[in-house]
Amino acid sequence: IGDLLSPSLGGVDSVVYGVGTLGMLVGVVVVTWLLRDGDLDAEAGKFRYLMIIPAFAGLSYAGMTLGIGVISINGYEVEGVRYLDWLVTTPVLVGYAGHVVDVDRSVVLGAVGLDATMILTGFVATTTAGTLRWGAFTVSTLAFLLMLYVLFVQYPRRARATSPERKRLFLRLRNQVGVLWLLYPVIWLASPVGFGLVSTLGTAMLVTFMDVAAKVPYTWVVHEHRGIFRHERDAV
Ligand code: RET
């Protein structure tokens with residue numbers, strides 16, 4: 001635990017994580033903007049939950065910038081706070097896409113549960129060796145593929161809201177998840193924890209880029225479609 005809390009500011013990876021922190025700040029600004037728009041039906045939009053995505057990740061990145069939450073395991077530097085960030089924020093990304101088209105609660109919970117399983121077993125794969133590592137990697141990948149099945153097959157089937165605008169927003173969010181997230185296991189396999197094709201610094205850069213790309217444009221896409229959540233003042 002001493003190692004976990006000892007700051008090691010100054011390395012090149014601190015610069016990378018500093019950039020990641022700033023990237024997440026952009027997302028915080030976007031969501032703040034959404035929340036400030038008085039014309040929006042905040043309850044229908046559930047925008048406040050979106051704040052968790054860049055805010056929690058920003059804190060995690062600030063921690064990594066200061067070297068807090070980085071553990072040394074089997075000679076690898078493992079960012080423990082990163083997995084905590086993923087555990088908290090990826091269910092929001094997956095759950096919010098379901099909210100947009102009002103997917104059955106049980107189906108959303110299924111996707112969120114698979115997502116959490118993927119992250120937790122991914123952490124086990126990252127911090128262990130040998131059979132356990134590859135067993136955990138396999139379970140994590142299977143959970144990931146099942147989660148994609150829920151997003152691509154079950155979500156559309158179990159969506160109650162069917163307006164074309166909501167469908168469009170859902171497809172943009174869902175496809176972002178489906179495309180971008182595929183790169184995470186690939187980066188993991190290429191990193192020093194996997195086959196060592198990419199250095200620790202290279203991995204830090206790739207994952208930071210991916211995290212910002214998976215989170216900030218997501219908030220922006222919701223912002224772009226905010227018209228869906230306008231109060232229907234003329235409806236009466
Ligand atoms: C790991 C390694 C084990 C196998 C798999 C993985 C997948 C991770 C994913 C992470 C997504 C993170 C996001 C973060 C921020 O927005 C854990 C790398 C399948 C898909 C989207």
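The model is a predicted one. In this model, Lys46 sits in the loop that joins α3 (42-45) and α4 (47-50). Its phi angle is near 50°, which is a positive value in a residue other than glycine.

A positive phi is also found at Asp102, where the angle is near 55° and the residue is again not glycine. Asp102 belongs to the loop between α6 (80-100) and α7 (105-127). With a relative accessibility of 35%, Asp102 counts as partly exposed.

Helix α10 spans residues 183-190, and its buried residues are Tyr184, Ile187, Trp188 and Ala190. These residues lie on the same side of α10, because they cover an arc of only 165° around the axis. The cover over the buried residues of α10 includes α6 and α7, together with α8 (130-157), α9 (164-180) and α11 (200-224).

On the surface, a nonpolar patch is formed by Val12, Val15, Val19, Leu201 and Met205, whose accessible area together is about 450 Å². Two elements, α2 (12-36) and α11, each give two or more residues to this patch. The largest share, 3 residues, comes from α2. Leu201, one of the patch residues, is located in helix α11. Its relative accessibility is 33%, so Leu201 counts as partly exposed.

Methods:
Residues are numbered from 1 along each chain as its sequence is written. This is a predicted model: local features need pLDDT of at least 70, side-chain atom pairs count only at pLDDT 80 or more; totals for chains, interfaces and linings use all residues. Side-chain values use heavy atoms; hydrogens and water are left out. Helices (H or I, at least four residues) and strands (E, at least two) are DSSP runs, numbered from the N terminus. Buried means under 20% relative accessible area, exposed over 50%, partly exposed in between (1.4 Å probe, protein chains only). The arc is that of the directions from the helix axis to the C-beta atoms. Contact means heavy atoms within 4.5 Å. Patches are made of residues with over 30% relative accessible area and no salt bridge: like charges are joined within 9 Å, nonpolar side chains (Val, Leu, Ile, Met, Phe, Trp, Tyr) within 5 Å. Accessible areas come from the Shrake-Rupley method with a 1.4 Å probe; for residues, only the protein chains shown count as cover. A salt bridge is a side-chain nitrogen of Lys or Arg within 4 Å of a carboxyl oxygen of Asp or Glu.
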